[in-house]
Amino acid sequence: MPPVLGFGVGRRNALHSQTWEEEESKQMILRYLMQEQEMSVMPRARLSITITNAEEEPISVTALNEVTVLRGLCPCMAMVDVMLDKSMLYQLEGDGVMVSTPTGSSAYSLSAGGPLVTPTLSCMLLTPVACLSIHPSVLPATSIVTIAPSSKCRADSLPVDVDGRVVGHLTKDGKVEVAMSK
């Protein structure tokens, strides 16, 4: 993944090193590109995500912020099984579930009730979306999280969003595996 230069355009942003002032920011970028200005590099954790559905090619992507499995247009709740390192953690009934990086903790995860985590911490966050019975969790960076539709799930497919963009779907026999990227 190429380096990212972060500018704060919102009120909370784990990536920004300064606010976006258009002319001043453009000049700073030009000075950097012309090697007239130094910038610090802060390594950030990323997620490695694989979406697997029967009779389809697997989709593999990386995320800087989060991966989210949502109920989509289905009027009923998403019912998904969440496994941690191949052991059942819980069955979630709600609008969905997300796994995020510490950088992503200041984005969608925070608005869904997840904790704000310093970007230098090595961990993953597991945050339910609009679910009353499950609470957010902070997991070790060595964890592998698997999300699959429960046998009780009434939706035919659930959209999978990565960093705010739909990248695939999860069918009744599919699964999403999430680990820290190497």
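S150 occupies the loop between β11 (144-149) and β12. In this predicted model, S150 has a relative accessibility of 5%, which is under the 20% limit, and it therefore counts as buried.

**Surroundings of S150**
- Leaving aside residues up to four places away in sequence, S150 touches M79, V80, D81 and Q91.
- The side chains of S150 and Q91 make a polar contact at 2.7 Å.
- A polar atom of the S150 side chain also lies 3.1 Å from the backbone nitrogen of K152.
- D173 is 23 residues from S150 in sequence, and the two C-alpha atoms are 9.3 Å apart in space.

**The six-stranded sheet**
- Six strands, in the order β10-β9-β8-β5-β12-β13, make up an open sheet with antiparallel pairing.
- The edges are formed by β10 (137-140) and β13 (165-171); each has a single partner strand, so one side of each lacks a neighbour in the sheet.
- From one strand to the next, the twist averages 20 degrees.
- Strands of a sheet pair through backbone hydrogen bonds, in either a parallel or an antiparallel manner.
- Within this sheet, β5 and strand β12 (residues 157-162) run antiparallel and are joined by three bridges.

**T68 in strand β5**
- T68 belongs to strand β5, which covers residues 66-70.
- The residue opposite T68 in β12 is D161.
- With residues up to four places away in sequence not counted, T68 touches V97, M98, Y108, P159, V160 and D161.
- T68 counts as buried because its relative accessibility is 2%, a value under the 20% cut-off.

**Helix α1**
- Helix α1 consists of twelve residues, 22-33.
- From its first C-alpha to its last, α1 reaches 17 Å, close to the 16 Å expected at 1.5 Å a residue.
- Q35, which follows α1, has a positive phi near 60 degrees.

**The largest nonpolar core**
- The largest nonpolar core contains 32 residues, of which L47, I49, V99, V145, V176 and V178 touch the most other members.
- Strand β6 (residues 78-84) supplies the largest share of this core, with four residues.
- In soluble globular proteins, nonpolar side chains tend to be buried together.

Key. Residues are numbered from 1 along each chain as its sequence is written. This is a predicted model: local features need pLDDT of at least 70, side-chain atom pairs count only at pLDDT 80 or more; totals for chains, interfaces and linings use all residues. Side-chain values use heavy atoms; hydrogens and water are left out. Helices (H or I, at least four residues) and strands (E, at least two) are DSSP runs, numbered from the N terminus. Buried means under 20% relative accessible area, exposed over 50%, partly exposed in between (1.4 Å probe, protein chains only). Contact means heavy atoms within 4.5 Å. The expected span of a helix is 1.5 Å times one less than its number of residues. Two strands pair if DSSP finds at least two bridges between them. Axes are lines fitted to C-alpha atoms, for helices over the stretch in contact, and angles run from 0 to 180 degrees between N-to-C directions. A nonpolar core is a set of buried Ala, Val, Leu, Ile, Met, Phe, Trp, Tyr and Cys residues joined through side-chain atoms within 4.5 Å. A polar contact is a pair of N or O atoms within 3.5 Å; within protein, one must be able to donate a hydrogen and the other to accept it, and residues adjacent in sequence count only if both atoms are side-chain atoms.
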